[in-house]
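User: Please take a close look at one strand pairing and at the core that goes with it. Keep it brisk.

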Amino acid sequence: MIRPEVIAALTRWREALIGASAVAGGGWLWLASYGLPALLGAVAAGVGSVLLLSGIRLARFRHDIDSPGVVELDEGRITYLGPVIGGSADLDDIAQVAFRRTATGEAFWRLEHVGGRPLLIPEGAAGAERLLDGLAPLPGLDTGAMVRAAQGRTPGTVIVWQRAGHRALT
């Protein structure tokens, strides 16, 4: 029987663990053989290292907090389906991405977009970790800044990305 805390930690870090396994197995095959198996081992270690790094980033972005609602990503559209409020924003229409933590510790993502009111997504909504990859195509977006903003515990607003020519959030 595995304790629930261990299962939660393994689930949170699953991509990083798979990447580490691929690096270890591929590295062993690369060093212990020659020819085609060594080449396959080197490729597996390379792919594993990419998965390991992106898995670490994603694990740091995930939260154990459960908030109401679901985040969906579909063909450049981010949709939040909440119990009271919700909405959607096309990736091309997003003008600003900000992270807000209140004095009570509640946190949410604020996506300002053209032609609509801002889309507010609680940090613990189901599927909120998809925002990390879903917003990555925005020009100049630093996903590391998204991770740092979500890990911060200080109340306030952090503007993670802003389209050129857009006024700052006040």
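Analyst: β5 and β6 pair in the antiparallel sense over four bridges. Strands here are DSSP runs of E, at least two residues, and helices are runs of H or I, at least four residues, both numbered from the N terminus. Two strands count as paired if DSSP finds at least two bridges between them. Across the pairing, Arg 110 stands opposite Leu 120 in β6. The β5 and β6 hairpin has five residues between the strands. There, Gly 115 takes a positive phi near 80°.

This is a predicted model: local features need pLDDT of at least 70, side-chain atom pairs count only at pLDDT 80 or more, and totals for chains, interfaces and linings use all residues. Residues are numbered from 1 along each chain as its sequence is written, and side-chain values use heavy atoms, with hydrogens and water left out.

Now the core. The largest nonpolar core has 28 residues. Such a core is a set of buried Ala, Val, Leu, Ile, Met, Phe, Trp, Tyr and Cys residues joined through side-chain atoms within 4.5 Å. Buried means under 20% relative accessible area (1.4 Å probe, protein chains only). Ile 78, Ile 94, Val 97, Trp 109, Ile 121 and Leu 135 touch the most other members. Elements giving two or more residues include β5 (107-113), β6 (119-122) and β4 (94-101). The largest share, five residues, comes from α5.

Notes:
Buried means under 20% relative accessible area, exposed over 50%, partly exposed in between (1.4 Å probe, protein chains only).
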